[in-house]
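User: I am new to this structure and would like to learn how to read its features. Please take me through them one at a time.

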Amino acid sequence: MFVEVPPTSSAGSAETTTRPSPVARVGRGLAPYLYLLPAVVLLVVWIYKPLGETVGLSFYQWNMVPTSPKVPVGMDNYVRVLSLPELHQALRNTIVYVLAFMVFSLLLPMVVALLSNRVAGRWKTLYQALIFVPFLITPVAGSAIWRWLFNPEGGTIPRVAATLGFELGNVFREPGLAMLGVVLIVGWQMLGFGVLVISAGLAGINPDYASAAALDGASQSTITRRITLPLLSPTLVFLGLMTILLGAQWAYPIIDIVTQGGPSGASTNIYYLLYEFGFQNFDAGLSAAAGTLFFLGFGLIAVVFVRVSDRLSFYDN
């Protein structure tokens, strides 16, 4: 006696054999996070852990000698650092630095990028490469070159100024000129970075907008003012935020090499002040308290800037 078994469909069999197990589904869900795990570990080890240790150290008095104890002082370090006149001077200088760097990271790069964008062929790449080269020079080497150029005894720039009837003297030891010298060196290096970023932003703008406006009779200046600059606004906002957050950091190595914050603190900024507190005065608690305050201040600026960036930026979509 034979019993007829009903045939099973191939689709049902395939569905049964290819259905993933619960373990496989969990593995697929965790896969994206596993790819992010190395980056998260590096952030925790190199950024968040030192940041937490800095905040904790700000409540102690310690001279950075491993054998000496850390003495709890509560909020005294914050009270001390906020009352220091050196901090007020460094904050004023930092604001001046940031405003001056805006010229070299936004205004001049925008002009250079717009002009070089009209050059066709390989000359455009050559011009942009020549402008970008100073950004590749290390701050130590660049500062050494500029110190030689500004050397009051036989330097090229003082000689040229003397022929024009100006006596520069020692630029990096003059209270009114030391900060200007630092701004010039940092701006010379950062100009190429700004041109590169703005050129990349210009390359991402659809040329059909300018072509359509030209067909309607719009001049080149009108196209630049009404089309190019609004579409370039996200790039300009990014450069502005980078200048505000990193301007003092860009200036730190130049200050350390050419002026050491002098004369009388005329060229110092908040980053060099942290260096003086921690590695010249060996007051780790005071330096940690100042660093924590600067972190909170820059973090607040970044949050506000990101919130208003959508209102300052214009997108073609």
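User: Where is Pro263 found?

Analyst: Helices (H or I, at least four residues) and strands (E, at least two) are DSSP runs, numbered from the N terminus. Pro263 lies in the loop between helix H10 (220–259) and helix H11 (270–280). The peptide bond leading from Gly262 to Pro263 is cis, its omega being near -5°. This is a predicted model, in which local features need pLDDT of at least 70 and side-chain atom pairs count only at pLDDT 80 or more, while totals for chains, interfaces and linings use all residues. Residues are numbered from 1 along each chain as its sequence is written, and side-chain values use heavy atoms, with hydrogens and water left out.

User: What is the average pLDDT of the protein?

Analyst: pLDDT is the predictor's confidence in each residue, from 0 to 100. The protein averages 85, and 90% of the residues score at least 70. Where pLDDT is low, the predicted coordinates should not be read in detail. Over residues 10–16 pLDDT stays under 50, and the model has 0 contacts there beyond four places in sequence; a contact means heavy atoms within 4.5 Å.

User: Which domains does the domain assignment give?

Analyst: Domain bounds come from an automatic or database domain assignment. Here the assignment gives domain 1 (23–58) and domain 2 (75–312). To their contact, domain 1 brings 5 residues and domain 2 brings 8 residues. The centres of the two domains, taken over C-alpha atoms, are 32 Å apart.

User: How much area is buried between domain 1 and domain 2?

Analyst: The size of an interface is often given as the accessible area lost when the parts come together. Buried area is the accessible area (1.4 Å probe) that two parts lose on being put together, summed over both. For domain 1 and domain 2 the value is about 490 Å², with carbon and sulfur atoms giving 70%. In domain 1, Leu51, Leu57 and Ser58 lose the most area to domain 2, together 76% of what that side buries.

User: How many salt bridges does the structure hold?

Analyst: A salt bridge is a side-chain nitrogen of Lys or Arg within 4 Å of a carboxyl oxygen of Asp or Glu. The structure holds 2, and the rule finds 0 across the interface of domain 1 and domain 2. Glu53 and Lys49 meet through their side chains in a salt bridge (2.6 Å, N to O). Because Glu53 and Lys49 are 4 residues apart in helix H2 (residues 22–57), about one helical turn separates them.
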